[in-house]
Amino acid sequence: MSLKVSSANGVLINTTAFRHNTREVRQLARLKQIKGVVKDNAVGHAIVCSARTLEKEGADAQGVNEVMKGLILRKNGLELPIFVLGGISDLSQIEPALRQNLGLFVPDPEHAKAISAKAKEMNVSAKIHIKVDSGHGRRSFRNDKCQEVLED
């Protein structure tokens, strides 16, 4: 006896509506920058298609959750600035991220020092994203520690 299991879950992305919504956001934002955050393929989202649509419709940057997703976008020819908002899970991810000009989220001084050291070794500039603690204390710098990290 064999058992066939299928999922009732699915996602349908209406690219016409997606393009329209992106244009609407661009118009509402006027001169402000737009960073489109693209989800991974875990639930059927086409990350490359979504990122290309955002790029064509005028997004200024892209956001992804992990380095691998940023590398996938670069491999598929996306040229906009890409920021890895979920941070790095392993310090070995720093070098490929810097080689592909990905901006990295810096959650603590140790990561900041590791990114800075690797960027100096590679003779490149690292683009970083620092989150300042707004009171929740989640993966962010206390206000009094930001200057110290930026000076390193």
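1. E4 spans residues 102-106, and five of its five residues are buried. Helices (H or I, at least four residues) and strands (E, at least two) are DSSP runs, numbered from the N terminus.

2. This is a predicted model: local features need pLDDT of at least 70, side-chain atom pairs count only at pLDDT 80 or more, and totals for chains, interfaces and linings use all residues. Residues are numbered from 1 along each chain as its sequence is written, and side-chain values use heavy atoms, without hydrogens or water.

3. Strand E3 (residues 82-84) runs parallel to E4, joined by three bridges (pairing needs at least two DSSP bridges). Phenylalanine 83 faces glycine 103. The β-α-β crossover from E3 through helix H4 (residues 94-99) to E4 is right-handed (clockwise from first strand over helix to second, with the strands pointing away from the viewer).

4. E4 also pairs in parallel with strand E5 (residues 128-130), over three bridges. Leucine 104 has isoleucine 128 as its bridge partner. With helix H5 (residues 109-122), E4 and E5 form a right-handed β-α-β unit.

5. Glutamine 62 sits in strand E2 (residues 61-64). Its relative accessible area is 0%, so glutamine 62 is buried. Its side chain reaches the backbone oxygen of alanine 51 at 2.9 Å. The C-alpha atoms of glutamine 62 and proline 81 are 6.2 Å apart.

Definitions and conventions:
Buried means under 20% relative accessible area, exposed over 50%, partly exposed in between (1.4 Å probe, protein chains only). A polar contact is a pair of N or O atoms within 3.5 Å; within protein, one must be able to donate a hydrogen and the other to accept it, and residues adjacent in sequence count only if both atoms are side-chain atoms.
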